[in-house]
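Please open the model in your viewer and keep the selection panel at hand.

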Amino acid sequence: MTRRRGIPLLIVAMLALVLTACAGLPTSGQIKFGLSTDDAPDAEEISFLLPDSPQPGATPEQIVEGFIRAGSGPGLTANWDRAREFLTDDFADVWQPRAGVTVDILTDRRTSEPEEGVVDLAITQVANVDANGTYERAGIGEQLLPFELTQVDGEWRISQAPDGVVLDEDVFPQVFHRYSVMYFDPSWQYLVPDARWFPTINAPSRVADALVDGPRSAWLAESVESAFPESVEVVASVRGTGNATVVDLNEAALSADPQTLDRMYTQLRESLRTANVTNVELTVDSVPLDAEAVDVRSTRIPGAPLVQTADGFGFLTGSTLEEIDWMSSLTAQFPPVSVQMGPDGDVATARLATGEVVRFREDETYDVLDTRPGTIDPSIDPFGIVWSVPRGEPAAVRAFLPDTTAVDVADAWSGATSIAAMSVSRDGTRLAAIVSAGGRNALWVAGIVRSPDDEVPVRLGDPVQLAAVTSAGIGLAWLDDLSVGVLSGDAEGSTVLEQVVGGTSATSATGAGMTTIAGASSLSSARLRADDGTLSVKRGTSWQPTATGVLMLATQQGSPE
């Protein structure tokens, strides 16, 4: 019988974290999340059943089930002491519950009858989080987690089990929250978020440790930069002092030049901001360091949609079009199927109705860049480089520099057989695409590796599958710095997938005939265009029409500063 090792196994209940701030633990009532003191329920409404210790004479299955229930204790502050009671002394000393998290489907869990001292827990895994907090979606399928048991003084105890914990997909986001570890892009102009999932307890310390002492996510590692030298470390837990949150570094930080120190401070401040920390102070041996935040470029998008109507091309506010004259002139001469505007508003790329990919400039000049047949909608990055690829040749990604030089991007979308849509993130570090591989449609993302001497793309990093796309891919857009929107569908209807890069996803249904998705400053302001010219915006969980007569909905890569 083959046994798997290294798979997380403790089933952790959601209140392991919620109740750790309490002096006493209630033992009955109904679980409530996120209640303030003013909203606290009556005593009879509160619930938390402390897990039992192992019972005398328990069978192997009961020991495993009790071990699972023991996850409902205050694990992160008590080191899962109750759960360790179900383990042999030797194994209790080496079991590592913090090694990672398996996210599964609660209703699919099953335990087997013991066979040669082994009880298997069958689960359906949907994702896993490693020890660094990196979330990765898993292929859905049954997985067996083996528990080896032995008798100690006549009682069954677990002597071998995988490290880590297991949470069901509904409980996981209530116990673990998403934070962003911030890096710079290679030009040091943009901050790039790397999503991590940590328990809320001591979250600022976990975020600081991940940034300063931990590795970057593997798929993104070659696409971003960190100002922190390898010699710099966090030497103590992040702590609050007066109005500031203090991060104490080792003496190696004293060797950093002022620009490096300011960049270090910027990364740390913006990373901790995602853990609700607003005032950060760097110290060495408790002595404050003189550092201030550097200016970075914003990736925010203007509030008004960028469209083409019968009146021209520009920003639509209500029924009024704020026309961009040079774009109106060029799009009238060369009717486009799609347009993406560069972040400074002085250059755009378009796919024409005739199939060519072009670059439009503010001085009303243009370049024909890609004449290969079957190209999909192009994308433009912060450096004015246009990205293009034919639908049937996903590996043939080509980047066109501002001087029109064409660069073949190596290692593009390995394993994909076709590509329906592709877009560069607003900071220029990541490329998202809807691809077909193995007969299935999926949303992939890859890091962009650029030349160290300039911004010229060299290759793509290994792609990561973010989600399955259940119907034909129509389009995609970056909704913000960390989320991608995917529009898919057929004649029966359309679906929008909102996928966090390194996190969870949500879907919403739309009407049939949707042709384009465009991002804005946040998920709530994403927009859709239908083939009849109707423009819709998401409100709550549904898409509501806001305008008609839109001939084309353009996407934007930022706004002029």
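Two strands pair if DSSP finds at least two bridges between them, and strands (E, at least two residues) and helices (H or I, at least four residues) are DSSP runs numbered from the N terminus. The model is predicted, with local features needing pLDDT of at least 70 and side-chain atom pairs counting only at pLDDT 80 or more, while totals for chains, interfaces and linings use all residues. Residues are numbered from 1 along each chain as its sequence is written, and side-chain values use heavy atoms, leaving out hydrogens and water.

Select residues 535–539, which are strand E37, and follow the antiparallel pairing with E38 over five bridges; within it, lysine 538 stands opposite tryptophan 543 of E38. Widening the selection shows an open antiparallel sheet of four strands in the order E35-E36-E37-E38. Strand E35 (514–518) and strand E38 (542–547) are at its edges with a single partner strand each, so one side of each has no neighbour in the sheet.

Next, go to glycine 355, in the loop between strand E19 (347–352) and strand E20 (357–361). Beyond its neighbours within four places in sequence, glycine 355 is in contact (heavy atoms within 4.5 Å) with Asp370 and Thr375.

Finally, select Val247, Leu249 and Leu268, which touch the most other members of the largest nonpolar core, a set of 53 residues. Such a core consists of buried (under 20% relative accessible area, 1.4 Å probe, protein chains only) Ala, Val, Leu, Ile, Met, Phe, Trp, Tyr and Cys residues joined through side-chain atoms within 4.5 Å. Helix H7 (residues 203–212) supplies the largest share of this core, six residues.

Note on methods: Buried < 20%, exposed > 50% of the residue type's maximum accessible area, 1.4 Å probe, protein only.
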